[in-house]
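Let's take a walk through a protein structure together, stopping at a few spots along the way.

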Amino acid sequence: MTNHWIDIKNSDAILIMGSNAAEHHPIAFKWIMKAKERGAALMHVDPKFSRTSARCDFHVPLRSGTDIAFLGGMIRYIFETGSWFREYVLNYTNAAFVLSKGFGFSDGLFTGYDPDARRYDKRSWSFERDPSGAPMRDETLQNPRCVLNVIRRHFERYTLDRVSDTTGVSKRDLVRVYETFCATGRPDKAGTILYALGWTQHTVGVQNIRSAAILQLLLGNIGVSGGGINALRGEPNVQGSTDHALLYDSIPGYHKAPLASWQTLAEYHKANTPVSLVEGSVNWWQNRPKYVTSLLKAWYGDSATPENDFCYGLLPKLADGEDYSYMYIMDRVFNGQMRGGFIMGVNPMNSFPNTHKMRAALDNLDWLVVTEIHNSETSDNWRRPGADPSKIKTEVFLLPSAHRIEKEGTISNSGRWLQWFDKAVEPEGEALSFGNFWVPFINLMRKMYEEEGGACPEQLLKMRWYEKFDASDIARRINGQFEADCEVNGKKYRKGQQVPMFTALKADGSTSSLNWLYAGSWTEEDGNKSKRRDPSQTPMQANIGIFPNWSWCWPQNRRILYNRASVDLNGRPWDPSRAVIEWKDGKWVGDTPDGAQPPMAESGVKPFIMTTDGTGLLFATAPADGPLPEHYEPAETPIKEHPFSSQLSSPCYKYHKSAYDKMAEPADPAFPYVLTTYSLTEHWCGGGETRAVPNLLEAEPQLYVELSHELAREKGIENGDGVIVESPRGAVEAIAMVTIRIRPFEVMGRTVHLIGMPFAYGWTTPGCGDSTNRLTIGACDPNTTIPELKACSVNIRKAARLTEIA
Amino acid sequence: MPKAFLIDTTRCTACRGCQIACKEWHDLPANATKQRGSHQNPPDLNPYNLKVVRFHEHLDDQGRVMWNFFPDQCRHCVKPICVTMANKAVPGSMIKDPKTGAVLVTEKCREMDEAGVKTVIKSCPYNIPRWDAEKKMLVKCDMCIDRVQAGLPPMCVKTCPTGTMAFGERDEMLALAKKRLAEAQKRFPKARVLDVPEVSVFFVLAEEPEHYHEYASFG
């Protein structure tokens, strides 16, 4: 989240899209209800009418996978109606930057596309530069190649007719959302966008969110209270695990994982430390070497010295261009390229797409370690329905894992708040928390290396490791510590003491920190701030619900990111009635500002401190699939063509080729319907845990498929009937839930039906049904490799008899 | 001063926290249920579910989807017919607690014969009481009388995250219902509060009670 949960109450218009907030964030939904009480407009754009829609002012059904067409139409509407916030856009975004002559876009493709590699050469996605090397700006916004005009032209094709034809949303509904949301493009209004997996789980997931970024920048809604782009994270601690680099492509604190082509720390820094030639750009990532060095120092301690590159050489290096995400790991397992492994905190044999492939893949392993609170579809894959256990060689070790309430530590919520939780009860039996398992396990390996030697011993033996796991100790190290006696702002610190903030981190080895973002969370001065529960606040903070002394949030306890964009060039809030910060008597008051420098008119400092050139990125070169969003159909689509270009699907999406990776043709008559998948309130994710809770299973006992009355009539299906849903990858039994909450779409002159299924059921719970993901597709976003779980092509028919559901 | 509930269905998200919390506080086991083409599960009140969230959907006169949620429970009537009928069958088998206004089943209920049980069940205009054959008792919402006597709100109210449910002095709840009704009427011209003043549970609905539940209203 750019903002935080409480701040949603300050919004005038809430667009919930790609999220089912009421069902998946039932407690936090109260802040949305508070906004409604204040008179905010609540809009839900989603394929099905859900419990969220029931509480919104209106629900707009959208064909799954057409969000960019919908949002592109809104961007066009902003220009058409002049709803954009001129002063904000001109000063705080790269709207005035002039693009180089080599950049272009034609028939669905940007310049630099290589069809064989399915990749872009991004060199032409660049700005004209002046002799100093700084990007050229045209403050009059007249240059046809300035970003604003390029965007305006790019989205000219997104007319109401085309958008309506593609999305299946009526023109009346389109205008209703556009009008309501774009009314926030004024200084005294704020609109927020709430999204979740409904946006990320597409082959164009990153570009869905980029569309939101463009919208919110044009409307001046980033940095302000009641605004922002707010990813609703879940109880699995998505925020914390992302911050701490759960994924392969980064190391803690949003630094790239080392590549084979960056063999030395200098090479790593050169490739990853941006240089800005724009005056007034803070370019915060220029500090990256301090954070990476402090991270290495935290990992390798006294072994890490300037002379040995702080042990950078010991880190594993990814092969350039290789994908090590779970989808690719599972493909390697499928192809027999891996012999064993650990699966922790996930139940892939239920939750990963194209599950038949996943289940077959796991049979290829010699050994597998699963840590779980009890048996799951993954731990017991070898005895799944239809499998012959005597023919499966995998030796599976199921290690009992402690439950969330059986351990202490921190969770980072969606608003980046770090909150400590205590242990409620001791783990049952031999169950261990992750930390209590992992720390001794590494110690055992270290001992074996010491005694027996082996490949790459230094990686483990030089590590600064722990005798035993202690959550508090780890939390202190995440904050960071001095590795030598130091002085910060005139205050002396001894070696071993806590660093007060990330500005104290150094690139010379005198500091360590397991994650620079969390520096300041546990200090000498204030102790463990994740335990703070003090509701005190200034009247200005109270006005918008900021509680600076309640827990702590990264970065620097800043509750609303990019808050320097909430004020005009002189530091006066755009909207004094919900001021986030204000320049008063020579200092900032309110939230922690994005830097203490005086306002932009005085200091020249631009508000977007994390981007290289200090501006919000209307045009962004980081995405692999284009600097601007463009509508492409899902990898499996019910239509053969769309009106935006002849490029039917994303030119860059990733996929695998195997006998199991079958795909339907566009508009395939064998699979004419769109399937979208989701979780539900009563079960947690894939349901592995909650299906074992009788009271929750009582409320949602069995797998169902929601479909319209129209489709049900066409297929002779009655409410409550057993049905079979089929995709090219598998067949799944479900109970039909025939409902007015799903309606047929009129798309490109014909009727397209969509059906929806939860993925919370698996065969280890008898009679409840088995994995919905046996239907879903392994086509992935080219940036994140997140699979397209939200859209694939299927068929549905009435079942003669049921075997999975009883 | 008797107590009362407010249930403002225009705020309900049917998270069913109340339904589950009720079971857990009363230590009631789960029923073996099946998916029957509805999210409403268990399908009805039963000895193990003293509170059930009902789901009802229809298209309004403008073709818009209306999906209504109705957290159903005993209304703790001001003049409970069930208590009258029960006491005719077995004196003292049901009472209305004068302090809280809670309508409660007592141990004496075990002496009731089948005819008495049937009469009591049939008498309830809201179709609330159920017969627990195992315990040989009439069962229904008890207002979490143990909690209320200890100064705590009923478990369903405590659990509600959206402000749908409130509990307190009857006067306060009546005032709150009036306020919530005024708010709801801005968006739903047909909004209403059900069956005041006969009940102690004030349901705020967005439209006619038949779009919620057959027994939503006595009137």
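Our first stop is F310 of chain A, which is buried, with a relative accessible area of 5%. It counts as buried because the cut-off is under 20% relative accessible area. Keep in mind as you look around that this is a predicted model. To find F310(A), go to the loop between α13 (residues 288–300) and α14 (residues 326–334) of chain A. The backbone here deserves a glance too: F310(A) has a positive phi of about 55°, although it is not a glycine.

With a relative accessibility of 16%, A245(A) counts as buried.

Now go back to α13, and look at the loop that joins α12 (265–272) to α13 in chain A, where you will find N287(A). Is N287(A) buried or exposed? Its relative accessibility is 12%, so N287(A) counts as buried. The side chain of N287(A) also has a partner: it makes a polar contact with the side chain of K290(A), at 2.8 Å.

Next, let's see how two helices meet. In chain A, helix α4 covers residues 67–81 and helix α7 covers residues 160–167; their axes come within 9 Å and cross at roughly 160°. Because of that angle, α4(A) is roughly antiparallel to α7(A). The crossing of α4(A) past α7(A) is left-handed. Which residues meet here? From α4(A) come A69(A), F70(A) and G73(A), and from α7(A) come V163(A), T166(A) and T167(A). Sorted by class, this contact has three nonpolar and three polar residues, and no charged ones.

Our last stops are about peptide bonds. In chain A, W554(A) and P555(A) are joined by a cis peptide bond, with omega about -10°. You can find P555(A) in the loop between β23 (552–553) and β24 (581–584) of chain A. Now move over to chain B, where a cis peptide bond links V196(B) to P197(B), with omega about 10°. Where is P197(B) placed? Look in the loop between β9 (192–193) and β10 (201–205) of chain B.

Notes: Residues are numbered from 1 along each chain as its sequence is written. Chains are lettered from A and ligands numbered from 1 in the order in which they are written. This is a predicted model: local features need pLDDT of at least 70, side-chain atom pairs count only at pLDDT 80 or more; totals for chains, interfaces and linings use all residues. Side-chain values use heavy atoms; hydrogens and water are left out. Axes are lines fitted to C-alpha atoms, for helices over the stretch in contact, and angles run from 0 to 180 degrees between N-to-C directions. Helices (H or I, at least four residues) and strands (E, at least two) are DSSP runs, numbered from the N terminus. Angles under 35 degrees count as roughly parallel, over 145 as roughly antiparallel, 65 to 115 as roughly perpendicular and the rest as oblique. A crossing is left-handed if the near helix is turned anticlockwise from the far one by less than a right angle, and right-handed if clockwise. Contact means heavy atoms within 4.5 Å. Ala, Val, Leu, Ile, Met, Phe, Trp, Tyr, Cys and Pro count as nonpolar, Asp, Glu, Lys and Arg as charged, and the others, Gly among them, as polar. Buried means under 20% relative accessible area, exposed over 50%, partly exposed in between (1.4 Å probe, protein chains only). A polar contact is a pair of N or O atoms within 3.5 Å; within protein, one must be able to donate a hydrogen and the other to accept it, and residues adjacent in sequence count only if both atoms are side-chain atoms.
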